[in-house]
Amino acid sequence: MAQHNELGKKGEQLAVDFLLENKYEIIERNYRFDRAEVDVIAKLNNVLAIIEVKTRSSTDFGNPQDFVKPKQIKRLVKAVDEYVTVNSMDVEVRFDIIAIVKEGKYFKIEHLENAFYHF
């Protein structure tokens, strides 16, 4: 497996662990709809948190959260609208980014709540 894929998988697991430590319930991982993939769908109280996980080995080319593009956001919103509708959920939906940067042997985790909004 390519090294960036392994880093991505490690980042997603770190994000899930972080969310669980912060009292989130993990509802779904790697939910796919159309051409979108939602990394993590989690719930805290009555808020459905849609989590995009971005993991980088450094910030040489920018912060991880800078790599979420408008087209990807549009796809995520469409996928989440479908998910909420199909599952008849009456919840507030929030789009978050968990940005993870490898720093030596450690990882720095930053949780950006309400990172972007519906268009």
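Follow the chain from the N terminus and the elements run α-β-β-β-α-β-β.

A word on what you are viewing: this is a predicted model, where local features need pLDDT of at least 70 and side-chain atom pairs count only at pLDDT 80 or more, while totals for chains, interfaces and linings use all residues. Residues are numbered from 1 along each chain as its sequence is written, and side-chain values use heavy atoms, with hydrogens and water left out.

Next, show the surface. The protein chain exposes about 7,400 Å², with 47% supplied by carbon and sulfur atoms (Shrake-Rupley method, 1.4 Å probe). Of its 119 residues, 38% count as buried, meaning under 20% relative accessible area.

Now select Val38, Ile41, Leu48, Ile50 and Phe116. In the largest nonpolar core, which has 18 residues, these five touch the most other members; such a core is a set of buried Ala, Val, Leu, Ile, Met, Phe, Trp, Tyr and Cys residues joined through side-chain atoms within 4.5 Å. Colour strands S2 (36-44), S3 (47-56) and S4 (92-103) and helix H2 (70-86), the elements that each give two or more residues to this core. H2 brings the largest share, 7 residues.

Zoom in on Leu48. Beyond its neighbours within four places in sequence, its contacts (heavy atoms within 4.5 Å) include Ile27, Ile41, Tyr83, Met89 and Val91.

Finally, select Leu14, Val16, Ala49 and Ile51, which are among the 12 residues of a second, separate core.

Conventions. Helices (H or I, at least four residues) and strands (E, at least two) are DSSP runs, numbered from the N terminus. Buried means under 20% relative accessible area, exposed over 50%, partly exposed in between (1.4 Å probe, protein chains only).
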